[in-house]
Amino acid sequence: MQRLIPTGDAARPVAFAEAPQPTPEPGEALIKVEAFAPNRGETFLLERPRPGLLPGKDIAGLVVQAAADGSGPGIGTRVVGHPAQGGWAEYAAVPTHSLAVLADGIDSVRAAALPLAGITALRLLRTAGSLAGRRVLLTGASGGVGHYVTELAVAAGAELTAVTATPARGARLAELGARVVHDVTAAQGPFDVVLESTGGTTLPIALSKVRPGGLLVWFGQASRSPVTLDFFELLGGAEGVTIQHFHYAGAPYGPDLAALVRLVERGRLHPEIGRIADWTDTADTLVDLRERRIRGKAVLLTGEGR
């Protein structure tokens, strides 16, 4: 079969290679991949790929070999999955605890856009707690996570302000009910909760806009710059704020994937997909994703998904 492997070249991060079809472990199903969605964090890993890296965590496709231990869906079932790696290939072995069955009305493109960004959004909002009637600030909001967080938080009753670099990148967020600003300094606090994904100089400014005793959940560092905080500056406003470090990872993922599928099926969640392309265009798409030239998610189609 064919799979995409790292090249170590920033301009062409991946290339096709012939590889043996994966042999599933007893608790894994073999999936014929129809579509996959890269994540911006994966583009960073590809800059200095570790030996043996097989990229790809978000896939949708068809079960062609059920798990030997009897768990999970049977042959012929359409699924969405979140393997640890190896999803950018014609076939992928996925633990059954990280699969969810797709409803008939959900195509592979929308399904592939769900896993990492959608799971992150669900778990991030659980960490934030009840949002009904609360003022929320979301930085770095124009990616896949930001669109999911915005739609779910607004539906839960939050008054949400989203920070995006440009009006074009914030257009859909405004449609979903967010107040959109293009610089964190323009966000009008105080906020009960800040969901911060940018790091660098943005986090201290966002932190200054949290009400005393409020919560800042730090879930990313898209700027790729470390954060410096001044103890005394916090005394001027954000005194007593809780800063909580957050990372989405932790199997099983199947229950959250199933929840995301239900939300899409019921019209309560709409994946924002800024690009759909053939997987022969993966290298160019990864560069554009890394450089923030794609709004929301990018989805690549393999031979079966085209």
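**View A. The largest pocket holds about 1,200 Å³ of space.** This is a predicted model, and the close-up looks at the residues around that space. The lining runs to 44 residues, with Asn-39, Arg-40, Gly-41, Glu-42 and Leu-116 lying nearest the centre of the pocket. Sorted by type, the lining has 20 nonpolar residues, 15 polar ones and nine charged ones.

View B. Helix 1 (40-45) hands over five residues, the largest share of the lining.

**View C. Thr-150 sits in helix 4.** Is Thr-150 buried or exposed? Its relative accessible area comes out at 0%, under the 20% cut-off, so Thr-150 counts as buried. Setting aside neighbours within four places in sequence, the contacts of Thr-150 are with Leu-138, Leu-160, Leu-173, Leu-176 and Ala-178.

**View D. The largest nonpolar core brings together 52 residues.** Which of them touch the most other members? That would be Leu-131, Val-149, Leu-195, Leu-269 and Val-299. As for where the core's residues come from, helix 3 gives the most, with eight. Another core lies apart from this one; it has 20 residues, including Leu-4, Phe-36, Val-63 and Val-79.

**View E. Val-299 is one of the core residues that touch the most other members, seen here with its surroundings.** Once residues up to four places away in sequence are left out, Val-299 still touches Ala-35, Phe-36 and Ala-37, along with Val-109, Ala-112 and Ala-113. Val-299 also touches Ile-273, Arg-275, Ile-276 and Ala-277.

**View F. Helix 8 covers residues 254-265.** From the first C-alpha to the last, the twelve residues of helix 8 reach 16 Å, close to the 16 Å expected at 1.5 Å a residue. Which residues of helix 8 are buried? Here's the list: Gly-254, Asp-256, Leu-257, Ala-259, Leu-260, Val-261, Leu-263 and Val-264. What do these buried residues pack against? Their partners are strand 5 (78-81) and strand 7 (99-101), plus helix 2 (108-112), helix 3 and helix 4. Look just after helix 8 and you'll find Gly-267, with a positive phi of about 75 degrees.

How values were computed
Residues are numbered from 1 along each chain as its sequence is written. This is a predicted model: local features need pLDDT of at least 70, side-chain atom pairs count only at pLDDT 80 or more; totals for chains, interfaces and linings use all residues. Side-chain values use heavy atoms; hydrogens and water are left out. On a 1 Å grid over the protein atoms alone, a cavity is a set of points where a 1.4 Å probe fits but cannot get out, and a pocket is an open set with protein on both sides within 12 Å along at least five of seven lines; lining residues have an atom within 4 Å of a point. Grid points are joined across faces, edges and corners, and a volume is the space filled by probe spheres set on the points. Helices (H or I, at least four residues) and strands (E, at least two) are DSSP runs, numbered from the N terminus. Ala, Val, Leu, Ile, Met, Phe, Trp, Tyr, Cys and Pro count as nonpolar, Asp, Glu, Lys and Arg as charged, and the others, Gly among them, as polar. Buried means under 20% relative accessible area, exposed over 50%, partly exposed in between (1.4 Å probe, protein chains only). Contact means heavy atoms within 4.5 Å. A nonpolar core is a set of buried Ala, Val, Leu, Ile, Met, Phe, Trp, Tyr and Cys residues joined through side-chain atoms within 4.5 Å. The expected span of a helix is 1.5 Å times one less than its number of residues.
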